[in-house]
Amino acid sequence: YTKNDRETLDRCRELGHKYPECTGWIRAVKGDFRLVKEAGLKETGMLTSSSDYHIFNKLKFKSRQECIDKYCEVVDAAFEAGVRPRCHLEDVTRADWNGFVLPFVDRLMRMSEQVPEEQSVKIRVCDTMGFGISFPGAKLPRSIPKIVYKLNQECGVPSDRLEWHGHNDFHKVHVNGATAWLYGCDALNSTLFGIGERCGNPPLEGAIIEYISLKGDLCGINMQVITELADYVRSIGLPIPENYPLVGKHFNTTRAGIHAGGLRSDERIYNIFDTTALLGRPPRVAFTDKSGADGVALWVNEFFGLKGTDRISKIKVHKVTRWVMDQYEVEGRITAISDQELEEKVRDLMPDYWSKYKG
């Protein structure tokens with residue numbers, strides 16, 4: 001719609017990559033479709049809103065049938081221009097399935113039979129308000145298993161032309177996306193770290209972990225790119241909460257001394273997986289009055305990069321441990337001790353190790 005959109009599209013296509021594929025997004029009106037033709041896109045999304053709230057209150061159609069007819073006119077226009085339409089069933093978890101969704105998708109499938117397979121309609125299933133429910137036994141229009149089953153098995157939409165687009169208003173966006181996958185929806189829409197409208201969309205990094213878990217294999221995926229992406233979004237001013245899974249500053253940081261002791265004995269006791277190998281993020285300790293000597297020893301070993309028999313015991317960090325405890329017992333401190341503060345104390349209280357490993 002904007003000059004910036006068109007310039008971004010041109011610059012992405014100039015890179016010459018096959019994927020990610022550049023696509024468009026328009027309302028299902030002929031006036032908008034002109035923009036797709038001018039841009040020379042091979043595919044475009046179309047906002048085919050499906051709930052009565054949209055059909056009658058927003059778009060002001062007099063009947064659901066009138067709405068279906070208007071949407072299909074734009075789909076026909078896409079076919080004539082050689083553009084593949086992706087119909088976005090907006091607000092589908094509040095839609096009338098028997099009165100609108102099923103007859104509309106049935107008609108789209110019949111229309112697709114008249115064009116080459118590579119131009120056949122794709123269906124994006126949009127849980128716009130986050131009302132979707134993953135539990136077996138839930139009813140339409142909320143039930144994700146039933147939504148995918150109906151479209152796939154009853155309307156005949158192939159799995160490779162079905163995609164899920166969820167929202168996180170009720171903290172269910174990740175499990176809902178995975179559920180859509182499991183019931184026959186091949187594609188999952190996701191965004192970097194769940195960025196998106198209101199409470200956001202499925203987080204890409206979470207979907208990657210889910211995919212690997214379901215497959216039981218890395219499938220050639222370089223997971224350290226997740227950490228690189230986090231560094232990138234921070235560099236452009238998008239904050240990531242410190243406790244955000246997989247990429248937050250403290251996602252694999254422990255504050256409890258008993259946990260630190262477990263980590264020092266065997267990282268697998270308290271770390272979710274080998275975060276160093278897979279994400280380039282070794283487990284860390286944040287220092288409070290609960291960290292104890294085990295926490296200090298773990299931090300010092302990681303700080304100096306000590307491995308195997310070179311790792312030092314908690315006895316050798318007793319001076320640093322005493323300083324940490326004095327901060328709380330003597331000084332009355334209530335905040336966590338920063339890495340920078342600890343580095344200074346390690347340099348002062350463990351000079352031999354500092355000169356050997358940092359000098």
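Me: Quick one to start: where does Asp-91 sit?
Reply: Asp-91 is in the loop between β3 and α5 (97–112). Keep in mind that this is a predicted model.

Me: And what's phi doing at Asp-91?
Reply: Phi of Asp-91 comes out near 60 degrees, which is a positive value in a residue other than glycine.

Me: What about the peptide bond from Leu-140 to Pro-141, cis or trans?
Reply: Cis, with omega near 10 degrees. You'll find Pro-141 in the loop between β4 (122–127) and α6.

Me: Switching to pockets. How much space lies in the largest pocket?
Reply: About 1,700 Å³. Its lining is made up of 45 residues.

Me: Which of those lie nearest the centre?
Reply: Leu-9, Glu-21, Cys-22, Thr-23 and Gly-24.

Me: Which element gives the most to the lining?
Reply: α1, with seven residues. Several elements supply at least two lining residues each, including α1 (3–14), α2 (30–39), β1 (24–27), β2 (43–47) and β3 (84–89).

Me: Now helix packing. At what angle do α7 and α8 pack?
Reply: About 40 degrees, with the axes of α7 (residues 173–182) and α8 (residues 204–215) 10 Å apart.

Me: So why call α7 and α8 oblique?
Reply: Their angle is about 40 degrees. Angles under 35 degrees would count as roughly parallel, and 65 to 115 as roughly perpendicular. The α7 and α8 pair is therefore oblique.

Me: Is the α7 and α8 crossing left-handed or right-handed?
Reply: Right-handed. On the α7 side the contact uses His-174, Ala-178, Trp-181 and Leu-182, while α8 brings Gly-206, Ala-207, Glu-210, Tyr-211 and Leu-214. By class, that contact has six nonpolar, two polar and one charged residues.

Me: And how do the axes of α6 and α7 cross?
Reply: At roughly 35 degrees, and the axes of α6 (residues 144–154) and α7 come within 9 Å. The crossing of α6 and α7 is right-handed. Ile-144, Pro-145 and Val-148 of α6 make the contact with Asn-176, Thr-179 and Ala-180 of α7.

Me: What classes do the residues of the α6 and α7 contact divide into?
Reply: Four are nonpolar, two are polar and there are no charged ones.

Me: Last pair. How do α5 and α6 cross?
Reply: Roughly 40 degrees between the axes, which come within 10 Å. The two helices are therefore oblique to each other, and α5 passes α6 in a right-handed crossing.

Me: Which residues make the α5 and α6 contact?
Reply: From α5 you have Trp-97, Val-101, Leu-102, Val-105 and Asp-106, and from α6 Ile-147, Lys-150, Leu-151 and Glu-154. The α5 and α6 contact residues divide into six nonpolar, no polar and three charged.

Conventions
Residues numbered from 1 in each chain as written. Predicted model: local features only at pLDDT ≥ 70, side-chain atom pairs only at ≥ 80, totals over all residues. Heavy atoms only, no water. 1 Å grid on protein atoms, 1.4 Å probe; cavity = no way out; pocket = protein on both sides within 12 Å on 5 of 7 lines; lining within 4 Å. Points joined across faces, edges and corners; volume = space filled by probe spheres on them. Helix = DSSP H or I, 4+ residues; strand = E, 2+ residues; numbered from the N terminus. Axes fitted to C-alpha atoms, helices over the stretch in contact; angles between N-to-C directions. Parallel < 35°, antiparallel > 145°, perpendicular 65-115°, else oblique. Left-handed = near helix turned anticlockwise from the far one by under 90°. Contact = heavy atoms within 4.5 Å. Nonpolar A, V, L, I, M, F, W, Y, C, P; charged D, E, K, R; others polar.
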